[in-house]
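I put down each thing I looked up, in the order I looked it up.

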Amino acid sequence: MWSPKSILPQTKFCCLGRIVTKLNLIAGEWLAGEIEIENRNPSDLSDLVGMFAQASSDQLDATLDQARIAQAEWAAYGLERKQAVLNAIGNEMMARAEELGTLLSREEGKPLAEGKGEVYRAGQFFTYYAAECLRQIGENADSVRPDIEVDVRREAVGVVAIISPWNFPTATASWKIAPALCYGNAVVWKPANITPASAVALTEIIERQDIPKGLFSLVMGSGRSIGQRLVESPKVNAISFTGSVPVGKGIAAAAIQNLTKVQMEMGSKNALAVMDDADLDLAVSLALGGAFGGTGQKCTASSRLVVHAGIHDAFVEKLVAGAQAMKVGHALEAGVQMGPVVSAQQLQENLDYVALGQSEGAELACGGARLEMPTEGFYMSPGVFLNTTNDMRVNREEMFAPLTSVIKVGSYDEALSVVNDTNFGLTSGIVTKSLARATHFRRNARTGVVTVNLPTAGTDYHVPFGGRGDSSYGPREQGKAAAEFYTTVKTAYISAGPV
């Protein structure tokens, strides 16, 4: 039986000691919500990860009010005190990467190695921005007017709403939360409802630190209710969002009513160009990892493989064999290379895209089917489309699936044209041994991130991340570039007077 001393503040228990619900962090207090939802393991639907509270509108308003009070207190903390907080968060996450990565993989479905890696990298975001706490250096100048000096510095923007996705439930949230706190802001976080367990785990770590009451809030709930109310609130000074293009456009439309600052990372249709001089085995390895890592549920996934005719047939043969050889299974099973899709809805959307591609004339060379496994889950085999053209919907729309399409081209110039022929512009890559082609591609690919002889997926945390077109809107994320969004500039003029 449980002991009262063992009750965690963020957990509601029933009379028999069974955990019923994980709670929201509202205005510094762990509180139940108006309803509860269950969270099940997509690798094994019999595994109930937990029950999670859904915040009410009144709770959202209360936590926004307290956030404003806490932000003023936090902004006045000394730099080293803030640095210590962020370091403590990051170090605990890295130390607990095995435990928290297992939880993440259990609720999201990515293989355990990816889950552990995500949590560790998320910890690095916090330790990086801990150091940035001490690097907030302004500028000074002489005025064009005599005997006047100018001081330019950045100050916190205020209360930041963070709306994060389910595909990287810890990492994406962390690369938003860490700079928000670093630069002196309060945070109200609405995570994706599909992956609430990772959100609660991160919140527990943050809430234990030396921060003002209500500085950080967790408001779990649906996008239609809590999410919409959050982005429409005049109490929010800035909104950082990662998700789909339609939702992002809706957030922008709501935010403009209050002139709220926005930063949005949205869809993608990333291309990997494989040239006739490419290392064939390297190209296939990059394509497989880029297309099917994370079950293809990445905004940086290689969903279009633009392949030169001179290497096309050999590339396709190895690509299909590699996809067929991938081990699909339970996320926590040793040796699994691809876990399940995150939900029943996502699986159905994926299967609909398979049917769509075939109706458009694409050849499904392998995969693209639901799999029956020892445990009931949302399993799907990695699929490869051949004989596709860039005007097909499967090459125009973000599928967020373990599906990739091969597009044959006759030259480097045609490859570059196909890569750029999209409404999106997040990442692109080229596989080539030619320095001239690599340099030209790097300069002329119209994407925010370009890779050479590397996967389109996988970025560093200390440099800017973001795209063009429908992929991104607003200031860049990560690195020093994050300061542009999480701060506002103040220019002061000082006249000291005569000596």
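**Entry 1: helix 4 and helix 5**

Which residues in helix 4 meet which residues in helix 5? I worked on a predicted model throughout. On the helix 4 side I listed Glu118, Ala122, Phe125, Phe126, Tyr129 and Glu132. On the helix 5 side I listed Ala171, Ser174, Trp175, Ile177, Ala178, Pro179 and Cys182. By class, this contact has 10 nonpolar, 1 polar and 2 charged residues.

I then looked up the geometry. Helix 4 covers residues 112-132 and helix 5 covers residues 171-182; their axes come within 9 Å and cross at roughly 15°. Angles under 35 degrees count as roughly parallel, so helix 4 is roughly parallel to helix 5. I noted the crossing of the two as right-handed.

**Entry 2: helix 3 and helix 4**

I stayed with helix 4 and turned to helix 3, residues 97-108. The axes of helix 3 and helix 4 come within 7 Å and cross at roughly 120°. Helix 3 and helix 4 are therefore oblique to each other. This crossing is right-handed.

From helix 3 I wrote down Ala97, Glu98, Leu100, Gly101, Thr102, Leu104 and Ser105. They meet Leu112, Gly115, Lys116, Glu118, Val119 and Tyr120 in helix 4. By class I have 6 nonpolar, 4 polar and 3 charged residues for this contact. Glu118 is a residue I had already listed, in the contact of helix 4 with helix 5.

In what order do the 7 strands of the open sheet lie? I read the order as 16-17-18-15-14-19-20, with mixed pairing. Strand 16 (363-366) and strand 20 (449-452) are the edge strands, and each pairs on one side only. Neighbouring strands of this sheet are turned by 25° against each other on average, direction ignored.

Glu363 stands opposite Leu386 in strand 17.

Next I looked for helices packed on this sheet. Helix 9 (residues 280-292) touches strand 14 (270-274), strand 15 (302-308), strand 17, strand 18 (403-409) and strand 19 (427-431). The direction of helix 9 makes about 170° with that of strand 14. Helix 10 (residues 309-325) touches strand 14, strand 15, strand 16, strand 17 and strand 18. The direction of helix 10 makes about 145° with that of strand 15.

**Entry 3: Asn387**

Where is Asn387 placed? I found Asn387 in the loop between strand 17 and strand 18. Leaving aside neighbours within four places in sequence, Asn387 is in contact with Gly361, Ala362, Glu363, Met392 and Val406. One of these, Glu363, is the residue I had found opposite Leu386. I also took a distance to Asn91: the two are 296 residues apart in sequence and 48 Å apart in space, C-alpha to C-alpha.

**Entry 4: helix 12 and helix 13**

I looked up helix 12 (residues 412-420) against helix 13 (residues 435-444). They pack at an angle of about 25°, with their axes 11 Å apart. Helix 12 and helix 13 are therefore roughly parallel to each other. Their crossing is right-handed. Helix 12 contributes Tyr412, Leu416, Val419 and Asn420, and helix 13 contributes Arg437, His440, Phe441 and Asn444. I have 4 nonpolar, 3 polar and 1 charged residues in this contact by class.

I noted an open sheet of 3 strands in the order 7-8-22, with antiparallel pairing. Strand 7 (139-142) and strand 22 (487-494) are the edges and each pairs on one side only. The twist averages 25° from one strand to the next. Strand 7 pairs with strand 8 (residues 149-156) over 4 bridges, and Val150 in strand 8 is the bridge partner of Ala141.

I also checked strand 5 (residues 35-41) and strand 6 (residues 44-54), which run antiparallel and are joined by 7 bridges. They form a hairpin with 2 residues between them. Asn39 stands opposite Gly50 in strand 6.

**Entry 5: domains**

How many residues of domain 1 are in contact with domain 2? The domain assignment gives domain 1 as 21-266 + 472-490 and domain 2 as 271-452. I counted 23 residues of domain 1 in contact with 25 residues of domain 2. The C-alpha centres of the two domains lie 31 Å apart.

Notes
Residues are numbered from 1 along each chain as its sequence is written. This is a predicted model: local features need pLDDT of at least 70, side-chain atom pairs count only at pLDDT 80 or more; totals for chains, interfaces and linings use all residues. Side-chain values use heavy atoms; hydrogens and water are left out. Two strands pair if DSSP finds at least two bridges between them. Axes are lines fitted to C-alpha atoms, for helices over the stretch in contact, and angles run from 0 to 180 degrees between N-to-C directions. Contact means heavy atoms within 4.5 Å. Angles under 35 degrees count as roughly parallel, over 145 as roughly antiparallel, 65 to 115 as roughly perpendicular and the rest as oblique. A crossing is left-handed if the near helix is turned anticlockwise from the far one by less than a right angle, and right-handed if clockwise. Ala, Val, Leu, Ile, Met, Phe, Trp, Tyr, Cys and Pro count as nonpolar, Asp, Glu, Lys and Arg as charged, and the others, Gly among them, as polar. Domain bounds come from an automatic or database domain assignment.
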